[in-house]
Amino acid sequence: MSPRKRVKVDTSETEDASQACARRDEITEKLKALGYGDEDLDPRFDEDDWKWNTLLDNDSLSTEHSWEKILPQLEATIDLRREHKASEFRIWRRSLRETEVKARFSQYRPRLEYLVLHKLFLDADLFELPAVRELIEENECRVPLTEERWLTVQNILVQSVSDHASRIEEDCHDAVVQAKYGAKDLANERWSDERRKKWVQREEEIDREEEENGVDREDPEYERSWNPKYLDEPTDDLVELEEDYEFDIRGLVGGQDAVPLCFSSAQSLLEQEVDGIRIITSYTDILRRRATAPLYHGPAWRNEDLCSDRIVDIAVLLLRHLGVSPRARMAYMVACGSVFRCRRCSQVPVSEGVTWAELVQHFVAEHRRYNELLMNASEEDINNLDENGHNLIEEEYRPLNLGVPVSMPEGLEEVAGGPFTNAGHLYTQLAATW
Ligand SMILES: [Zn+2]
């Protein structure tokens with residue numbers, strides 16, 4: 001085809017296109033004159049068999065006669081849209097409103113940077129604010145965002161962003177503290193069980209000794225030997241045990257910039273859903289993950305994703321087995337790196353070296369797996385079930401000749417200032433690394 005001819009064809013195609021456009025415009029104007037709105041005339045959500053484009057592109061439409069013929073068909077499609085596609089249009093309008101709000105917010109963001117924890121406030125959190133929701137949803141999402149309407153949001157942003165950081169802190173704090181009390185109760189129970197067992201053993205010994213010595217228990221002078229294994233009074237070891245769990249529960253104290261004490265503890269791990277997977281993580285990691293979300297994308301903060309549950313109990317038992325104080329700091333455990341090993345299985349990488357949070361996650365998962373086996377097993381099966389290989393209760397695993405369940409290399413006592421380091425206890429320090 002010569003270039004000359006090609007130009008000719010292109011021109012005629014353009015002419016056709018412009019004629020078609022003019023025809024569509026004419027019909028659109030006629031329908032608008034009849035009172036139909038933009039969405040009535042918008043085919044974006046039409047089903048394949050709904051007539052619209054075929055009618056609009058029909059050459060014979062320009063005559064009055066054919067207009068009268070196709071108008072009822074066009075109106076039938078409009079009725080279908082109104083009846084079946086209202087929710088799609090509403091979702092579409094909502095996304096338009098959200099885009100408008102987001103654009104305003106990203107322009108405004110730099111003015112929030114003086115707030116230390118401003119990065120925790122993601123775009124999704126903005127849409128959770130009642131004022132923003134109201135703005136977006138007004139008249140079923142039909143009202144575009146104006147400067148004046150945006151100002152109602154802008155005026156509350158500083159407060160909302162700092163409230164948001166406080167809310168995350170409080171939600172995590174509640175979950176951890178609750179779990180610490182739960183873990184303390186479990187430890188107390190174990191302590192009492194052990195005491196009771198020892199007391200019963202000693203009682204049996206006394207019985208045996210008295211029988212062997214021919215003691216007459218019917219004798220009015222008879223006085224049973226004292227059993228020193230049982231004490232009503234709390235003993236020093238019980239007091240210490242309780243303090244190990246409570247040493248850092250002192251509310252949200254320490255000044256605005258201080259990370260609450262309870263999060264600095266190596267025990268304070270939380271379980272959170274990240275990208276659909278539940279992982280065990282520290283408070284500071286939760287903050288870091290939010291603060292470094294690319295372009296502030298990420299889900300809105302949801303308290304119900306959090307759980308600390310049995311995690312604290314397992315963490316404290318693991319710390320004891322590692323020979324680390326239950327009062328050690330999270331910053332120290334994190335600084336040790338991937339050095340913690342499970343000695344109860346050959347799963348990789350936990351048998352070769354993982355982080356503190358990963359080690360706890362492994363044991364939590366093994367405990368859940370075993371509990372599930374127990375729950376689903378029939379009475380008969382329970383007797384044949386193997387012992388929990390990842391049992392952390394010394395009194396229970398020792399008789400099975402199982403050694404210490406976990407290990408870490410020696411010589412790490414001074415890492416990052418040692419187990420009681422103060423590293424990372426200020427929000428400004430944390431925020432500087434995001
Ligand atoms: Zn293991």
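A nonpolar core is a set of buried Ala, Val, Leu, Ile, Met, Phe, Trp, Tyr and Cys residues joined through C-beta atoms within 7 Å. Buried means that 20 or more other C-beta atoms lie within 10 Å of a residue's own; exposed means 12 or fewer, partly exposed is in between, and the C-beta atoms are placed from the backbone.

This is a predicted model, in which local features need pLDDT of at least 70, side-chain atom pairs count only at pLDDT 80 or more, and totals for chains, interfaces and linings use all residues. Residues are numbered from 1 along each chain as its sequence is written.

**Stop 1: the whole chain**

Show the C-alpha trace. Along its principal axes it spans about 125 × 55 × 55 Å. Of the 434 residues, 22% count as buried.

Now color by domain. Domain 1 covers 3-84, and domain 2 covers 164-216 + 230-434. These bounds come from an automatic or database domain assignment. The C-alpha centres of the two domains lie 68 Å apart.

**Stop 2: Trp50**

Select Trp50, in the loop between α1 (3-33) and α2 (53-56). Trp50 is partly exposed, because 18 other C-beta atoms lie within 10 Å. Beyond its neighbours within four places in sequence, Trp50 is in contact with Thr77 and Leu80. Contact means that the C-beta atoms of two residues, placed from the backbone, lie within 7 Å. Draw a distance from Trp50 to Asp313: their C-alpha atoms are separated by 62 Å, and the two are 263 residues apart along the chain.

**Stop 3: helix α7**

Select residues 147-212, which are helix α7. The helix has 66 residues and reaches 96 Å from its first C-alpha to its last, close to the 98 Å expected at 1.5 Å a residue. The expected span is 1.5 Å times one less than the number of residues. Where does α7 bend by about 50 degrees? Look at Leu157. The bend is the angle between axes fitted to the seven residues ending there and the seven starting there.

Step along to Val161, also in α7. Val161 counts as partly exposed, because it has 19 C-beta neighbours inside 10 Å. Neighbours within four places aside, Val161 is in contact with Leu112, Leu115, His118 and Phe121. After the helix comes Gly214, whose phi is positive, near 65 degrees.

**Stop 4: the cores**

Select Cys172, Ile311, Ile314, Ala315, Leu318, Leu359 and Val360. These have the most contacts inside the largest nonpolar core, which has 52 residues. Which helix gives this core its largest share? That is α11, with nine residues. Pick out Ile314: leaving aside neighbours within four places in sequence, its contacts are Val360, Phe363, Val364, His367 and Leu392. A second, separate core of six residues includes Phe105, Leu126, Val132 and Val153.

**Stop 5: helix α13**

Select α13 next. Its 21 residues should span 30 Å at 1.5 Å a residue, and its end C-alpha atoms are 31 Å apart, which agrees. Among its buried residues are Trp356, Leu359, His362 and Glu366. What covers the buried residues of α13? The cover includes β1, β2 (277-282), α11, α12, β3 and β4 (406-407).

**Stop 6**

Most residues other than glycine have a negative phi, and most peptide bonds are trans.

- Pro349 sits in the loop between β3 (341-342) and α13.
- Cys141: its phi is positive, near 65 degrees, in a residue other than glycine. Cys141 is in helix α6 (residues 130-141).
- Leu295: its phi is positive, about 50 degrees, although it is not a glycine. Leu295 lies in the loop between α10 and α11. Is Leu295 buried or exposed? Leu295 counts as exposed, because it has 8 C-beta neighbours inside 10 Å.

Terms used
Helices (H or I, at least four residues) and strands (E, at least two) are DSSP runs, numbered from the N terminus.
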